[in-house]
Amino acid sequence: MARVANAKPAALGFRQPAEWEPHRATWLGWPHHEGDWPGKLPAIVWVYTEIIRRLARHERVSLLLQSERSENAARGALTRAGADLDQIDFLRIPTDRAWLRDTAPSFVKSERGLALIDWEFNGWAKYPNFSRDNRVPSRIAKVRGLQRFVPKIVLEGGSIDLDGQGTMLTTEECLLSDVQQRNPGKSRTDLEAIFADYLGVKKVLWLGRGITGDDTHGHVDDLARFVRPGVVVVAHETSSADVNHAPLQENLERLLGMTDATGARLDVVKLPMPAPVVFEGVRLPASYANFYIANGLVLVPTFNDPNDREALGILGELFPDRDVVGIHAVDLVWGMGTLHCMSHEEPA
């Protein structure tokens, strides 16, 4: 039975591990909401199938499904693709959408074991259908029998990135703009105190704005990511004519002047941006920074772009002990997110 805790997790020795630390599983939600990928949902099923097939070679996959019919469809597709079904847990936990980075809990770890942080989710302050997504953390806590901490603030996993040693990346656009209606009245200091109490964060590095087309308004997982302690990759647009050039250049300059929680200056590695991906007249949030780190594997979104090769090469050098694999994401990004947005790690 999941237990709701009153104490603050950091005071009990909990912290959120870095994504590259060992996983027990990756959590995913089987795609079902036609409105996320209008006209493309059948193609998205096969993108998910390939991602799950790859992940299941390296770690368990916990897959959320709407119903028996949904489970049968998923099993059929995964079987056809040659995925190892013994590595997949099929769980009847209904969702509104499949973007588990933002709706699944943050997992925290201590010598006591594992627990989870149940943030509030409000549909990115955009969509009215989010009640099932908001219940996902409590349902996962029950399935896994984990202690549950409830900060009572709105937060999405894509808005933060941690090095596991006390340093966190986020953006002012996403967390400090009252226009976003996430936590009106909460100041930078208020939020930093919550991150310290619930995730074990000692220092927050604030970037500015996100990329154009990102309907979450500034999620950091399209901008900058830790790849190991002290090392950050940052999306960089070389064309001064591109609308992303100025905000990404500002974020780069901020990072170059920052230090981590130990006081060490960051090693900042530039990651190229793909050429604009536009569908039905909409500029989509295509970024190589939306990669996902699994056990022995890094999945990287690719966009039929010459910079695909450069991005894969940079990340291959940064993760020499993992297979770095490109996943075609031109269809996936029509849903306004790619690989990191759809996945959530559970630490070992």
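Modeller: We will go through a hairpin, a sheet and the cysteines. This is a predicted model, in which local features need pLDDT of at least 70 and side-chain atom pairs count only at pLDDT 80 or more, while totals for chains, interfaces and linings use all residues. Residues are numbered from 1 along each chain as its sequence is written, and side-chain values use heavy atoms, with hydrogens and water left out.

Colleague: How many bridges join strand 11 to strand 12?

Modeller: Strands are DSSP runs of E, at least two residues, numbered from the N terminus, and two of them pair if DSSP finds at least two bridges between them. Here, four bridges join strand 11 to strand 12 (residues 231–236), and the two run antiparallel. R225 stands opposite V233 in strand 12. The hairpin has two residues between the strands, and G230 takes a positive phi near 85°.

Colleague: What is the order of the strands in the open sheet?

Modeller: The order is 16-17-18, with mixed pairing. Strand 16 (292–294) and strand 18 (323–328) are the edge strands, as each pairs on one side only. Six bridges join strand 17 (residues 297–302) to strand 18, and these two run parallel. V300 has G326 in strand 18 as its bridge partner.

Colleague: How many disulfides are there?

Modeller: A disulfide is a pair of cysteine sulfur atoms within 2.5 Å. The count is zero. C174 is in no disulfide, and the nearest cysteine sulfur, that of C341, is 11 Å away.

Colleague: Is C174 buried or exposed?

Modeller: Buried means under 20% relative accessible area, exposed over 50%, and partly exposed in between (1.4 Å probe, protein chains only). C174 is buried because its relative accessibility is 1%. C341 is also buried, at 10%.
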